[in-house]
Amino acid sequence: MADSLSFENTLVSNLGIEIIEISEERIVGTMPVDERTHQPFGILHGGASVALAETVASIGTFFLIDQENENAVGLEINANHIKAVRNGKVKAIGTTYHRGKKTMVWDIKIVDEEDNLVCISRCTMAVINKKK
């Protein structure tokens with residue numbers, strides 16, 4: 001899967017997001033909490049958490065579809081920011097609530113290095129046909 005996607009020069013690479021696990025059951029990604037992902041008060045920016053959550057849902061969906069003929073694009077996302085993080089890494093764990101032919105709904109939990117809940121997100125992905 002990673003061979004079929006290029007993260008170079010994208011938001012994913014700029015934020016330092018890495019996918020560390022992917023399976024039929026779940027996807028896990030990490031992101032550093034540093035100057036790239038801080039908001040002006042020196043804590044993890046909520047938008048960076050949302051970017052991590054949608055990245056996990058997007059790549060997770062792409063892994064589960066016909067990659068030759070279909071793409072995965074974000075349709076809707078929401079997030080609740082639970083705990084501030086100043087440094088280190090956060091980890092996003094994504095699992096599907098719904099796995100349909102044209103949409104997938106993901107549950108993404110973001111935790112800090114001590115497994116404290118930082119953010120919860122739900123992301124709906126659309127599965128669209130590639131234009132040929």
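How many of the nine residues of β5 are buried? Seven of them are buried (under 20% relative accessible area, against over 50% for exposed and partly exposed in between, with a 1.4 Å probe and protein chains only), so β5 is largely enclosed by the rest of the structure. This is a predicted model, in which local features need pLDDT of at least 70 and side-chain atom pairs count only at pLDDT 80 or more, while totals for chains, interfaces and linings use all residues. Residues are numbered from 1 along each chain as its sequence is written, and side-chain values use heavy atoms, with hydrogens and water left out.

**Strand pairing**
- Strands (DSSP E runs of at least two residues) and helices (H or I runs of at least four) are numbered from the N terminus, and two strands pair if DSSP finds at least two bridges between them.
- β5 pairs with β4 in the antiparallel sense over eight bridges, with His98 opposite Val105 of β5, and a hairpin of three residues joins β4 to β5.
- β5 also pairs with β6, again antiparallel, over nine bridges, and Ile108 has Ser121 in β6 as its bridge partner.
- Five residues lie between the strands in the hairpin of β5 and β6, where Asp115 takes a positive phi near 65°.

- Val90 is in contact (heavy atoms within 4.5 Å) with residues including Met31, Leu44, Leu52 and Ile110, not counting residues up to four places away in sequence.
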